[in-house]
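I opened this model to go through some of its helices and sheets one at a time. My notes follow in the order I took them.

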Amino acid sequence: MKSINFGIDLGTTNSLITKYENGKVTIFKNPVGHKDTLASVVAFRPDRTLVGDKARELLTKDPINIFANFKRRMGTDDKFYVVSLDENVTPIELSTLVLKELKQFIYSGEQAEAAVITIPASFDTMQSNATKKAGMAAGFEEVVLLQEPIAASLAYFNSRELADDKEGYWLVYDLGGGTFDIALMRIQEGEMKVVDHEGNNFLGGADFDFGIIEQIIVPYINEHFAIENFEQELRSRNGRYESLFYELIYKSEEAKKELSHQAQTTIEFDLLHEGTRHNVAVPVSRAQFEDTINLRVQETLKMLLDILHRNQVQASDIEEILMVGGSTYIPFVRQQLQAATGIAVNSAIDPTTAVAIGAAYYAANKYYQPKNNNIVLGQNVDDLLNSLTTGEDGVDEAYSDWEPAAVQLKVSYSKMSKDVEEVLIIKAEGALDSKSYRIIRSDGGFDTGFVPLRSKFTEFLPLLPNINNTFYLRVYDEDQNEIRSAMEEISITHGQFNISGQPLPQDICIEVDDKDNHTTKLELIFEKNSILPQKRTLYREISKTIKQGSEEQLIINIMEGDRFARPLSNLVIACIVISGKDLSSDLIKGSDIELHISMSDNRELHTEVFLVMTQQEFKNVFSMSEKQVNVDRLKEQYIDLENEIRNSIKMFSTDDNDVWAIQANDFLKELAQNKAELFKLQESDRTDAKYVIAEMLNRISKAYDKLGGEDRLERLRYEYFEAKEFCENHMAMVDFRKEELVQKFQKLIAGEHHVLISRNPSILEKATEKINDLGWDIHWNTLSYLISRYEGFKGLPPDQFTNYSGVQAIIKSADAALQGEKYYEFRQHVYNITHLLVHNDYKVKNEDFKGTGIG
Ligand code: ADP
Ligand code: MG
């Protein structure tokens, strides 16, 4: 095993590469311009591809062939069209180019075979997998992902002395070029972890640059020149001032940076107007700039306070706020944070390099198995190939062919430790007989002496405090001659801080059928913020019979998001479809299904499905970097969402809530635009259409969940309580099925805690609907109510019934039953009349509901 050592911050705006060595982290400088960073910008020229600042500078000249900010699109199937190549490139491919360029920074010529690459804490599984994919495409054999706030915290805590028993909370506030992330961190019992996080992928320095143009430059031009539609001509593609726009973006960013250390600056540029070139100089003061960013900064503050509130942590419990990301250089940001929270703002670490430095610390403790496909000198290539095809560990065998006497050691240990000693585990292979080993610390303070070599052994290495400790492990033959090829240098830094695992940023759930409601719901597998890796076995039942050889399907959808949300608002991160054609015999409804699900540190999902009845196993390893969509389910989800929105519109209108009704109606319209296209889609369709529609559904579903915000949730809770109270009040008068109804009611409210804390209106609506249904049940089982309805029916004109003579016959019997106090019979007659009503307000449910097949 080899330590990864290399760390990479693959940023939206800037990327860096670092390496851990002997207790220190080196930042490799960009050979172009000798900066720490590489601009995450790619330019496609007719003859070559440029990455970095050179590409960024070209933005004003050739904007259509230059790509920036693509990190925001990771995990989507968005493609960027490159005019100069007449080809599409994906965000993964663009990231790959940045990574390859970073590898060029390693001046030592060393090959970086593996790397830790950082990702925002809020990256979903798809975005994470996409990042890993970019890393593999850039030629790394192994890529380990690390969440950025953890990286920043590692950099910070490793840069200073920490008490051994340090405990407490802090915040990492990362405001970069394109994204904002806030993480609540905690050290508890020596473990550091992300407690919670929040982010906005569309809030960062780039928005500030744009704000300068929009709120300072454009008004200035409008005041001094009479240019028709100046702002539009500036902002729109192919507008008359399009190229000026890119120039202004660049110059505004420079001005913004200057304003971080001076109170005043000027943005100068040439403006072509009515055939004359004007030299324009727009003065910009720091105060003016602060005005333009104020709202966005307040937004970050709100998220900060939210995260504290949500986790019931007081500002006074927070030790400090770690400032990360280039935009935290802005003094206004620091002042606002400090003033609004009273928490100490810590800018001790370099906000541009912290994440990359932390990545290297983390990398020092991560190991990988090199593929070692270098051809060993002196060896015949054919032999090597032979040995590679025999046995799993072919490479090691190749070694022993080459030097039969050699001994190979595999050592594992932690490169950083807070303990006074660290355990070293050694596995030895080869001819071990009468060999010995010896371990010496470089200062001579520790020496094992000669110890006989065994195939596996451990040694405890005492560490000098707060420095890097180097040990030499040497192997000797029977004559105590050193076998030099086996020597290992072991380097352990004492006093550093480390972290054991990374938290899951969202709930991971499985979609199961909710037959009562003719829909599906989510069942939690792994909870948000639990530490990876995770593993679980779930036992469920098959909810419909699937005949062998039929087209019927069992759909195992693993989803990421909010477990209380409707499935549609979540993201499918894995999907296994088992059809009747895959079965070795029929699968009967009610038979058992076993699901083994695990998620690695790197967010790779492994799923194993075992059908107990057919004794069949289906295995899958997912590292999806793009969405998977099942067309049939999509259609069902479409109908579900459409119905839900329709019902809400009715409710909004009865409540006189026109604004919400109008917004909901817009969602309906948007849905309708895609309906025809969706319903003509076949499962076999190979175009992107289903992804596009799935994306749209997901977006509308989420937006619809948010509609009305807190007010809507409040109202729904109120309606829930009203419905509940109605049941409670009327239950006392029930004449039929009382015990059953009481039980039903108790069962419904037993689960109400989850309903009431849910931030998802759909959950509240469904729960209220169920209680309302029960309310009607209570009515229709109460004699006094039945009698009043009955009187009402009797007074209806004949055209209100589908078969009036039938109704009259029933009325006769019903009167007789009532007279004879045969109430059960009377109730049945009343029910029968309702079936003959023209306007029957009984709900018609989607009886064809297919669902997932998992109950
Ligand atoms: P990312 O994490 O998005 O890759 P960085 O953390 O490197 O980005 O931050 C880049 C952003 O920081 C850019 O918008 C840049 O303009 C801004 N920035 C860099 N230096 C300063 C400064 N001195 N003052 C204000 N903003 C700055
Ligand atoms: Mg960053």
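**Helix H9 and what follows.** I started just after H9, where glycine 342 has a positive phi of about 75 degrees. This is a predicted model, so I kept the ground rules in view: local features need pLDDT of at least 70, side-chain atom pairs count only at pLDDT 80 or more, and totals for chains, interfaces and linings use all residues. Residues are numbered from 1 along each chain as its sequence is written, chains are lettered from A and ligands numbered from 1 in the order in which they are written, and side-chain values use heavy atoms, with hydrogens and water left out. Helices (H or I, at least four residues) and strands (E, at least two) are DSSP runs, numbered from the N terminus.

Which residues of H9 are buried? In this helix, residues 331–341, I found Pro331, Phe332, Val333, Leu337 and Thr341. Buried means under 20% relative accessible area, exposed over 50%, and partly exposed in between, with a 1.4 Å probe and protein chains only. The cover over those buried residues includes strand E13 (168–175), helix H8 (286–310), strand E18 (318–324) and strand E19 (344–346).

**H5 against H8.** Next I looked at how H8 meets helix H5 (residues 205–224): the two pack at an angle of about 120 degrees, with axes 9 Å apart. Axes are lines fitted to C-alpha atoms, for helices over the stretch in contact, and angles run from 0 to 180 degrees between N-to-C directions. H5 and H8 are therefore oblique to each other; angles under 35 degrees count as roughly parallel, over 145 as roughly antiparallel, 65 to 115 as roughly perpendicular and the rest as oblique. Their crossing is right-handed, where right-handed means the near helix is turned clockwise from the far one by less than a right angle, and left-handed anticlockwise.

From H5, the contact uses Asp207, Phe208, Gly211, Ile212, Gln215 and Ile216. From H8, it uses Gln288, Phe289, Asp291, Thr292, Ile293 and Arg296. Contact means heavy atoms within 4.5 Å. I sorted the residues of this contact by class and got five nonpolar, four polar and three charged. Ala, Val, Leu, Ile, Met, Phe, Trp, Tyr, Cys and Pro count as nonpolar, Asp, Glu, Lys and Arg as charged, and the others, Gly among them, as polar.

**H17 against H19.** I then checked helix H17 (residues 738–750) and helix H19 (residues 761–779), which pack at about 170 degrees with their axes 11 Å apart. That makes H17 and H19 roughly antiparallel to each other, and the crossing is left-handed. On the H17 side I listed Leu741, Lys744, Phe745, Leu748 and Ile749; they meet Lys770, Ile771, Leu774, Asp777 and Ile778 of H19. By class, this contact has seven nonpolar, no polar and three charged residues.

Which residues of strand E16 (residues 264–273) lie on its covered face? I noted Thr265, Ile267, Phe269, Leu271 and His273 there, with Gln264, Thr266, Glu268, Asp270 and Leu272 on the uncovered face. E16 pairs with strand E17 (residues 276–285) in the antiparallel sense over ten bridges; strands pair if DSSP finds at least two bridges between them. One bridge I looked up joins threonine 265 to valine 284 in E17. Two residues lie between E16 and E17 in the hairpin, and glutamate 274 in the turn has a positive phi of about 50 degrees.

**The sheet E7-E6-E8.** This one is an open sheet of three strands in that order, with antiparallel pairing. Strand E7 (49–51) and strand E8 (66–68) stand at the edges with a single partner strand each, so one side of each has no neighbour in the sheet. The twist averages 15 degrees from one strand to the next. Strand E6 (residues 41–44) and E7 share three bridges, and alanine 43 has leucine 50 in E7 as its bridge partner. Helix H2 (residues 91–103) packs on the sheet and touches E6, E7 and E8; its direction makes about 105 degrees with that of E6.

**Threonine 470.** Last, I clicked on threonine 470, found in strand E27 (residues 468–476). Threonine 470 counts as buried, at 12% relative accessibility.
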